[in-house]
Amino acid sequence: PIIPNSLGRDVGFRFGDYVESQAEVSVTSPISLSMNISFTFRTRYTRGLLFYSGNNGMTYARDSTNGEFIAAWLNKGRLQFAFDCGSGKAEIESMGRLNDDRWHRVDIIREKNNGTLYIDNILEGSIIPPGTKDSLNTDGIFHFGNIPSTEEFLSQRRRQLHHFKHQKGNHHLQFIGCLSAIQIANQDVIFQTNKNNGISKCHENEESGIFIHDEKPIILEQSFHLGQKFNLSLHFKSRVKSGLLLAVTSQSNGDNDQDDNANEPAFFVVYLDKGNVVVTIQNNIEELHVVHSPIVFDNELCDGQWHFLDVIKDYSFVRLQVDDKPVVEETSLNELDLNTNGPLFIGRVPENLLPSIVQDVPPYVGCMTNLKLITSEQHAQPLHSLPDVDHACPTN
């Protein structure tokens, strides 16, 4: 079906639907000398905090253990596990990348100052931090998916967090994906799912990505200026042969109070047309179309598989590549300057905001992920930052 009735049974907890999607659990069992934690996870993204537990830098100030922590996170697709008993950090990295949107099981066992990591029941290795201290004193609170963004929390734990928190803000710490079968000290961990903590249920018939199927337009940016040079890339899995993937216009939605330059029409539209991928660029001087056509079947891009497209606009030329197929390029006689200032739409555009040649393109129905639109001035925000959309791509 174009829109499935059900995503199947619950299989875990999904993080990343909302900003600062996170969960906390307090562990009352004694874990200072030994502990084990296990879970399974699935993600398509290369970064994200899986779990962290530390202390606030004051609780154990007398014996200078405010650097103590234990954590696991993803960096460049690989899982990194580290802990510090107060006399130095030990860290281990998985041998392979795990951001393949498949389920992976993680088992971490710590006995005093010896930590062992298993992934998918295979030993990745063991680590021993420097020093002789073998007890780990945290506040017993385990944070999953992200950490609190309050200045008090961050300032008190700065010494611990700098090991895996590379940039200001929590953007690169946000785990986007599913966690399941979580156990700490052999006790099952269950989270509440609500918008307050940004967690929802993960289902058996879903994968990473947003599912676009509503009649209501999705606005990724309220105002986006493309200019003369930009690059667009995204993955899509379409359920229709024709549909509008993305558009940027020179007109604001229902806003007539615009600057003088906005009177010059400018459009950038990427859409599916009977199985073809079409890129249309238009300003007040010229109109340019770049088309990728299927080689064999017209349903080549509506086959239930993920497809990749990449568009490069550099002054007078536009290049389009779909998957690993040959690049299609069109060149203009002029340096096409797209003086857009309207919204960046995903899936469909309100009536009368597009040129007549693409006015009849139907709304897109399908999934999308990994969208990047980069200019010299702006980077479009990630799709997973969108509120009130379906952050689960159905596989049925």
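How many disulfides does a search of the whole structure find? The search finds two disulfides, a disulfide being a pair of cysteine sulfur atoms within 2.5 Å. This is a predicted model, in which local features need pLDDT of at least 70 and side-chain atom pairs count only at pLDDT 80 or more, while totals for chains, interfaces and linings use all residues. Residues are numbered from 1 along each chain as its sequence is written, and side-chain values use heavy atoms, with hydrogens and water left out.

**Disulfides**

- Cys178 and Cys202 are bonded, with their sulfur atoms 2.0 Å apart, and the link is right-handed, with 85° about the S-S bond.
- This pair links distant parts of the chain, 24 residues apart: Cys178 sits in strand 12 and Cys202 in strand 14 (residues 200-203). Strands here are DSSP runs (E, at least two residues), numbered from the N terminus.
- Both Cys178 and Cys202 are buried, meaning under 20% relative accessible area, with exposed over 50% and partly exposed in between (1.4 Å probe, protein chains only).
- The other disulfide joins Cys367 to Cys393, with an S to S distance of 2.0 Å; this link is right-handed, at 95° about the S-S bond.
- Because Cys367 lies in strand 27 and Cys393 in strand 28 (residues 393-394), the bond ties together parts that are 26 residues apart in sequence.
- Cys367 is buried at 1% relative accessible area, and Cys393 is buried at 0%.
- With the bonded cysteines numbered in sequence order, the pairing reads 1-2, 3-4.

**Two further cysteines**

- Cys302 is partly exposed, with 22% relative accessible area, whereas Cys85 is buried at 1%.

**Pockets**

- The largest pocket has a volume of about 710 Å³. On a 1 Å grid over the protein atoms alone, a pocket is an open set of points with protein on both sides within 12 Å along at least five of seven lines; a volume is the space filled by probe spheres set on the points, which are joined across faces, edges and corners.
- Its lining has 21 residues, with Tyr45, Asn370, Lys372, Pro382 and His384 nearest the centre; lining residues have an atom within 4 Å of a point.
- Strand 27 (residues 366-375) gives the most to this lining, with five residues.
- Domain 1 (10-204) and domain 2 (211-394) each contribute at least three residues to the lining of the largest pocket; the bounds come from an automatic or database domain assignment.
- The second largest pocket has a volume of about 340 Å³ and is lined by 17 residues, of which Pro217, Ile218, Pro387, Asp388 and Val389 lie nearest its centre.

**Cavities**

- The structure holds three cavities of 30 Å³ or more, a cavity being a set of points where a 1.4 Å probe fits but cannot get out.
- The largest cavity has a volume of about 150 Å³, and among its 20 lining residues Arg14, Ile176, Ser208, Gly209 and His391 lie nearest the centre.
- Strand 27 gives the most to the lining of the largest cavity, with three residues.
- Domain 1 and domain 2 each supply at least three residues of the lining of the largest cavity.

Key
Helices (H or I, at least four residues) and strands (E, at least two) are DSSP runs, numbered from the N terminus.
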